[in-house]
Amino acid sequence: MMQKDNNIIINGNLNINLLLNSVKKPDLNTDDEELFWDDPHIAQQMLEAHLNPNWDAASYNHKTIEQIVEWQTKYLNLKKGAKILDLGCGPGLYCTRFSRYGLNVTGMDYSHNSIDYARKYADTNSLDIRYICQDYITMDYTHEFDAIFLIYCDLGALSDNRRDLLLEKIYKALKPGGTFVFDVFTRFNWEQLPLRNWYMSESGFWKPNPHLVLEQTFDFEVENILLRQYTILDDKGAITTYHLRDHYYSKQNILQLMKKYGYQVQDVWSDLTGKNYEEKTKCLGVAATK
Ligand SMILES: C[S@@+](CC[C@H](N)C(=O)[O-])C[C@H]1O[C@@H](n2cnc3c(N)ncnc32)[C@H](O)[C@@H]1O
């Protein structure tokens with residue numbers, strides 16, 4: 001989908017068709033995730049959500065993050081100096097903790113806001129972490145890392161083309177025997193579908209000024225994709241539409257996908273803390289080796 005940044009008032013008249021069009025079912029090939037990640041107000045809201053230790057929005061809560069880092073360091077047998085890459089590292093919640101285990105850490109994210117925060121935090125706390133502000137789809141490493149992480153179900157947020165490209169790049173970037181660790185949602189994450197919701201806010205996640213939010217979830221069942229569409233009408237009459245994609249997977253889907261790109265799946269859990277796989281799990285944690 002394209003950005004809809006149009007004004008609902010034209011020459012003093014209400015252009016209701018603009019609103020009507022902005023709430024229609026979008027095209028599945030809509031690939032506009034940057035629109036969401038690039039918005040400075042949303043970026044600041046995301047940073048606050050990451051840094052709130054108790055929220056499971058934007059990142060897992062900080063207690064869960066500690067458990068993931070502890071479990072994965074042991075499970076992957078990562079010794080001091082092992083080289084790891086955290087893709088979509090945000091403000092460095094995982095990088096910071098992996099670095100405290102003595103690992104050689106690189107974090108990559110295309111949010112300037114998050115990377116600026118992460119760099120400052122590392123400087124202040126004398127942590128030797130390399131942070132790179134870059135779209136991870138454009139990375140180009142060969143046999144460089146012992147482990148690569150992509151956490152908070154971010155693989156499912158990518159279009160299939162970008163996901164496939166990323167899987168190839170991660171494979172190339174791993175040392176032989178290195179492991180790719182990631183999580184994805186399953187269909188059981190959504191109890192009720194389709195979802196529709198609206199609310200008004202004086203100031204909130206989407207805009208600093210008063211706005212109306214029309215939220216819809218479109219179910220593309222054949223493709224196993226949910227497209228969440230947020231139509232925002234602000235106090236200046238501007239309409240902006242954002243899409244967030246959730247490609248959900250079964251264990252079988254993951255095994256097939258990993259095989260296609262040459263990985264060997266070592267383990268599938270119900271989350272990245274190593275919780276045993278259960279059939280109706282809402283999430284899958286995966287470790288796949290090169
Ligand atoms: C939901 S957040 C999760 C952050 C972190 N993994 C965590 O769990 O705390 C997704 C992060 O991925 C970043 N991101 C999304 N797509 C990206 C891309 N193509 N290249 C680099 N970073 C990306 C966003 O800027 C955001 O910081």
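Modeller: A term to begin with: buried means under 20% relative accessible area, exposed over 50%, and partly exposed in between (1.4 Å probe, protein chains only). The model is predicted, so to speak of local features takes pLDDT of at least 70 and side-chain atom pairs count only at pLDDT 80 or more, while totals for chains, interfaces and linings use all residues. Residues are numbered from 1 along each chain as its sequence is written, and side-chain values use heavy atoms, leaving out hydrogens and water.

Colleague: Ser201, buried or exposed?

Modeller: Ser201 is buried, because its relative accessible area is 16%. Ser201 sits in strand β9 (residues 196–201); strands are DSSP runs of E, at least two residues, and helices runs of H or I, at least four, numbered from the N terminus.

Colleague: Now Glu70. Where is it?

Modeller: In helix α4. Glu70 is partly exposed, at 37% relative accessible area. Its C-alpha atom is 8.3 Å from that of Thr273, 203 residues away along the chain.

Colleague: At what angle do the axes of α4 and α5 cross?

Modeller: Roughly 45°, for α4 (residues 62–75) and α5 (residues 93–100), and the axes come within 10 Å. Axes are lines fitted to C-alpha atoms, for helices over the stretch in contact, with angles from 0 to 180 degrees between N-to-C directions.

Colleague: And Leu14, which strand?

Modeller: Leu14 is in β3 (residues 13–14). Leu14 counts as exposed, because its relative accessibility is 56%.
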